[in-house]
Structure formats: structure tokens, C-alpha cells
Amino acid sequence: MSEKVTAMIEEIKALTVLELSELVHALEEEFGVSAAAMAAPAAGAAAPAAEEKTDFDVVLTGFDAAAKIKVIKAVREITGQGLAEAKATVEGAPKTLKEAVSKDEAETLKKTLEEAGAKVELK
């Protein structure tokens with residue numbers, strides 16, 4: 001294969017599934033063809049990328065002792081727990097605060113908790 005083709009293949013390998021889908025649709029429109037016949041071989045090649053995690057659990061793993069009250073307030077806000085429940089949750093870390101949330105929501109919750117002084121993992 002030529003260097004140009006090899007370079008294009010490497011670029012395509014680096015695309016996310018969403019970007020690859022957009023590329024396929026753009027090529028279909030540009031050249032007036034359908035990629036349906038190519039979908040079967042492409043599905044095998046895209047399978048590892050499709051395994052990218054979409055649901056995350058937000059787990060409180062610990063907290064800064066000086067920021068305990070802020071962390072409890074953040075946990076209350078996120079979980080809707082009462083004061084005693086949120087305190088027990090924070091003190092009982094590691095605890096899962098939210099399960100099966102989207103990546104964007106998980107990142108937002110992690111940022112909020114970390115700003116309050118918590119240590120958070122996304123699983």
C-alpha cells in the first residue's frame with residue numbers, strides 16, 4: 001500500500017465510533033453511495049471501539065477532613081439524602097453515590113464533589 005493510504009487507515013483507526021459514523025455518512029453523501037455492503041466488515045473492525053463505557057458509577061472514595069461539611073452538603077445535593085444519611089454516607093466511604101449515569105453527568109458530579117474536597121472515582 002502507498003504511504004498515503006496507510007496514513008489514512010491510521011487516521012481512521014484513531015476515530016471514535018461517533019466520528020467514524022459521521023465519516024461514513026459524509027462519504028455516502030459526497031459520492032452518492034451506500035455503505036450498507038461495507039457495514040459487515042466494518043462492524044468487526046469497530047467492535048473494540050464500541051465497547052467504550054457509556055454508564056458510570058460515581059464512587060466517593062474519601063474526603064479531606066477539613067472539608068467534611070462541604071462534602072456532606074455536596075452529597076446531600078447529589079443524592080437527595082437527609083443530613084444524617086449524607087453524613088453516614090460520607091463517613092462510610094467508599095460508597096457509590098450514583099449508578100449507571102452518563103459520562104457527562106458522572107464528570108459533572110465528580111467535579112462538584114472534588115471542588116467540595118471529596119475524592120471520587122468513576123467506575
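**The sheet.** I began with the strands: three of them make an open sheet in the order β2-β1-β3, with antiparallel pairing. For my own record, helices (H or I, at least four residues) and strands (E, at least two) are DSSP runs numbered from the N terminus, and two strands pair if DSSP finds at least two bridges between them. The edges are β2 (95-101) and β3, each pairing on one side only. I noted an average twist of 25° from one strand to the next.

This is a predicted model, in which local features need pLDDT of at least 70, side-chain atom pairs count only at pLDDT 80 or more, and totals for chains, interfaces and linings use all residues. Residues are numbered from 1 along each chain as its sequence is written, and side-chain values use heavy atoms, with hydrogens and water left out.

**Pairing and packing.** I then looked up β1 (residues 56-63), which pairs with β3 in the antiparallel sense over five bridges. Opposite F63 I found A118 in β3. Next came the helices on the sheet. Helix α5 (residues 83-91) lies across β1 and β2 and runs at about 80° to β1. Helix α6 (residues 103-116) packs on the sheet too, touching β1, β2 and β3, and its direction makes about 165° with that of β3. The angles run from 0 to 180 degrees between N-to-C directions, with axes as lines fitted to C-alpha atoms, for helices over the stretch in contact. Contact here means heavy atoms within 4.5 Å.

**Salt bridges.** How many salt bridges are there? I count a side-chain nitrogen of Lys or Arg within 4 Å of a carboxyl oxygen of Asp or Glu, and by this rule I get four. Side chains of opposite charge can pair when their charged atoms come close.

- K13 and E10 meet at 3.4 Å, N to O. They sit three residues apart in helix α1, so about one helical turn separates them. K13 is exposed at 60% relative accessible area, while E10 is partly exposed at 43%.
- K87 bridges to E91, with the closest N and O atoms 3.1 Å apart. These two are four residues apart in helix α5, so again about one helical turn lies between them. K87 is partly exposed at 38%, and so is E91 at 41%. I also see K68, K87 and E91 linked in a network of salt bridges.
- K123 bridges to E121, the closest N and O atoms being 3.7 Å apart. E121 is partly exposed at 37%.

My cut-offs for these words: buried is under 20% relative accessible area, exposed over 50%, and partly exposed in between (1.4 Å probe, protein chains only).

**More on K123.** Where is K123? I located it in the segment after β3 (118-122), partly exposed at 46%. Leaving out residues up to four places away in sequence, K123 touches K53, D55, F56, D57 and V59. I also checked K123 against E99, 24 residues apart along the chain: their C-alpha atoms are separated by 9.1 Å.

**The start of the chain.** M1 comes in the segment before α1 (3-13), and I noted M1 as exposed at 80%. Together M1, V5 and I9 form a nonpolar surface patch of about 310 Å² accessible area.

Definitions and conventions: Patch = residues over 30% accessible without salt bridge, like charges linked within 9 Å, V, L, I, M, F, W, Y side chains within 5 Å. Areas by Shrake-Rupley, 256 points an atom, 1.4 Å probe, with all protein chains shown as cover.
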